[in-house]
Amino acid sequence: MSRRKKLINNTDIPRHKIEAIARCLLPDILAFYESEEGQREFAEWKKQEAEKQEDKTE
């Protein structure tokens, strides 16, 4: 059985407001990453992260 991690909210913002904002932003975020520009930027980010990992292991 897996347990859900308890999310930590160290702000004065109520959880229901954070969730409402997330529900508004999520469709735009998904649309961006499904677009060609989003795919290209994500691939570039992954390449940069891989290079950082290589630098750490050297």
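**Figure 1. C24 in helix α1.** C24 has its place in helix α1. With a relative accessibility of 56%, C24 counts as exposed, because the exposed class takes in residues over 50%. The model shown here and in the other views is predicted.

**Figure 2. Overall view of the protein, with two helices and zero strands**. The radius of gyration is 17 Å, well over the 10 Å given by the globule rule for 58 residues, so the protein is more spread out than a compact globule. Along the principal axes, the C-alpha atoms fill a box of roughly 40 × 30 × 30 Å. Of the 58 residues, 2% are buried. The accessible surface of the protein is about 6,200 Å², and carbon and sulfur atoms hold 55% of that surface. The protein carries 12 positive and 13 negative side chains. The centres of these two sets lie 13 Å apart.

**Figure 3. The nonpolar surface patch.** Eight side chains are labelled in this view: I21, L25, L26, I29, L30, Y33, F42 and W45, which form a nonpolar patch on the surface. Together these residues have about 780 Å² of accessible area. Helices α1 and α2 each supply at least two residues of the patch. The largest share, six residues, comes from α1. L25 is one of the patch residues and is found in helix α1. The relative accessible area of L25 is 47%, so L25 is partly exposed.

**Figure 4. The salt bridge between R15 and E19.** The side chains of R15 and E19 meet in a salt bridge, with an N to O distance of 2.8 Å. Both residues lie in helix α1, which covers residues 15–34. R15 and E19 are four residues apart, about one turn of the helix. E19 has 33% relative accessibility and therefore counts as partly exposed.

**Figure 5. The salt bridge between E49 and K52.** In this pair, the closest N and O atoms of E49 and K52 are 3.3 Å apart. E49 and K52 are separated by about one helical turn, because they stand three residues apart in helix α2. E49 counts as partly exposed at 26% relative accessibility. K52 is also partly exposed, and its relative accessible area is 48%.

**Figure 6. The patch of negative charge and E58.** E51, E54, D55 and E58 gather on the surface in a patch of negative charge. Of these residues, E58 is placed in the segment after α2, the helix that covers 36–57. At 76% relative accessibility, E58 counts as exposed, because that class begins over 50%.

**Figure 7. I13 and Q48.** I13 lies in the segment before α1. With a relative accessible area of 42%, I13 is partly exposed. The pair I13 and Q48 is 35 residues apart in sequence. In space, the C-alpha atoms of I13 and Q48 are 34 Å apart.

**Figure 8. S35 in the loop between the helices.** S35 is found in the loop between α1 and α2. The relative accessibility of S35 is 26%, so S35 counts as partly exposed. From S35 to K56 the separation is 21 residues in sequence and 32 Å in space, C-alpha to C-alpha.

Terms used. Residues numbered from 1 in each chain as written. Predicted model: local features only at pLDDT ≥ 70, side-chain atom pairs only at ≥ 80, totals over all residues. Heavy atoms only, no water. Patch = residues over 30% accessible without salt bridge, like charges linked within 9 Å, V, L, I, M, F, W, Y side chains within 5 Å. Areas by Shrake-Rupley, 256 points an atom, 1.4 Å probe, with all protein chains shown as cover. Salt bridge = Lys/Arg side-chain N within 4 Å of Asp/Glu carboxyl O. Lys, Arg positive; Asp, Glu negative; His and termini not counted. Charge placed at Lys NZ, Arg CZ, Asp CG, Glu CD. Buried < 20%, exposed > 50% of the residue type's maximum accessible area, 1.4 Å probe, protein only. Rg over C-alpha atoms; globule rule 2.2 N^0.38 Å.
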